[in-house]
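Let's take a friendly walk through this protein fold, one piece at a time. Keep the picture open beside you as you read.

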Amino acid sequence: MSSLRPTILKIGGSVITDKEGQLAAKTQEINRLAGEIHGASVQNLIIVHGGGSFGHPSAEEYAIKEGYKEESQKVGFSITHHYMTVLNGLFMDSLIWHDLPAVSVTPSSCIITENGRIKQFEDASVKSLLKMGFTPVLYGDAVLDTKLGFTVLSGDQLVSALAIRFEAARIIIGVDVDGVYDADPKLVKTAKMLDRLTLEELKGLQGKLGKATACDVTGGMFGKMAELMPALELNIPVTVVNASKPRYVYKALEGEAVKGTVIEKE
Ligand code: ADP
């Protein structure tokens, strides 16, 4: 049994899938990351992963984020949720193959949103899993919504909510770029990476942070940072690292020096 404050690790959809494709899992990357997570053996870890090319294409095709408008969207909701369970299954396979006591927790079964924001979260099983030393694994998902009927819950909103509920010690965000830049590094060649940011500095920068470049109904650095602000307000530090580069996530989990952006309240 453990009473340590948890670490929340987010692995972006852009890291474990090819966002240019459809249902294109990067299985080698998933395996490498599972090995790194196992190697770091962090106690009290919660993992959240994104949807990438499993979640976003069908969410977009059926306008799931915008909510229920017509019957034909319902199968789109089912497809979006189902594809997320498929990606989650691949990730779970790899985590468990690496001997991690990881247990998948389905967001759409325990979370209901209101206008896209988490309203109800039956978190008793996550709490019990943590207490027993399991690693709960959640993901961005298609969820029911009290006002919209349904919508898309981003992995990033989930990360922030989990961090606040479980009083996380820290949040580690794994993306496919080296950290937070003063402009989207994929669009602006001269963009400068920022090693450290305070919450105030982050707020000042928000206008410059871009949306996601490839298919993504929730993403981009702008949305990510906006979601993380409530956790930062509560003094939970956030480290953004490149999860596509070998050993970066391992080092971040171990608390070793690693290239990336550290954001703290002050
Ligand atoms: P994920 O799906 O992995 O959660 P997103 O694609 O939603 O990640 O967000 C990460 C992307 O945000 C990066 O690939 C990058 O191109 C883009 N981005 C936009 N603006 C910035 C910025 N200022 N700094 C870093 N990345 C940015």
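Glu114 stands opposite Arg117, a residue of strand 5. This is a predicted model, so treat every value here as computed from it. Strand 4, which covers residues 111-114, pairs with strand 5 in the antiparallel sense, over four bridges. In general, the strands of a sheet pair through backbone hydrogen bonds, either parallel or antiparallel.

Four strands make up an open sheet, in the order 5-4-7-8, with mixed pairing. Strand 5 (117-121) and strand 8 (149-153) each have a single partner strand, so they stand at the edges and one side of each is left without a neighbour in the sheet. On average, neighbouring strands of this sheet are turned by 45° against each other, direction ignored.

| Helix | Strands touched | Angle between directions |
|---|---|---|
| Helix 4 (residues 73-97) | strand 7 (141-145) and strand 8 | about 135° with strand 7 |
| Helix 7 (residues 155-165) | strand 4, strand 5 and strand 8 | about 50° with strand 5 |

Next come the aromatic rings. How many aromatic pairs does a search of the whole structure find? The search finds two. In one of them, the rings of Tyr68 and Phe150 have centres 6.1 Å apart and planes at 90°, so this pair is edge-to-face. The pair links distant parts of the chain: Tyr68 is in the loop between helix 3 (52-61) and helix 4, while Phe150 is in strand 8, 82 residues apart.

Phe150, at 5% relative accessibility, counts as buried. Ring pairs also bring in Phe77, linking Tyr68, Phe77 and Phe150 into a cluster.

Finally, look at Met229, which is found in helix 9 (residues 220-233). Its relative accessible area is 14%; because buried means under 20%, Met229 is buried. Leaving out residues up to four places away in sequence, Met229 touches Leu199, Leu202, Lys203 and Gln206. Glu264 lies 35 residues from Met229 along the chain, and the C-alpha atoms of the two are separated by 9.8 Å.

Technical notes:
Residues numbered from 1 in each chain as written. Predicted model: local features only at pLDDT ≥ 70, side-chain atom pairs only at ≥ 80, totals over all residues. Heavy atoms only, no water. Pairing = 2+ DSSP bridges. Helix = DSSP H or I, 4+ residues; strand = E, 2+ residues; numbered from the N terminus. Axes fitted to C-alpha atoms, helices over the stretch in contact; angles between N-to-C directions. Contact = heavy atoms within 4.5 Å. Buried < 20%, exposed > 50% of the residue type's maximum accessible area, 1.4 Å probe, protein only. Phe/Tyr/Trp six-rings, centres within 6.5 Å; stacked < 30°, edge-to-face > 60°.
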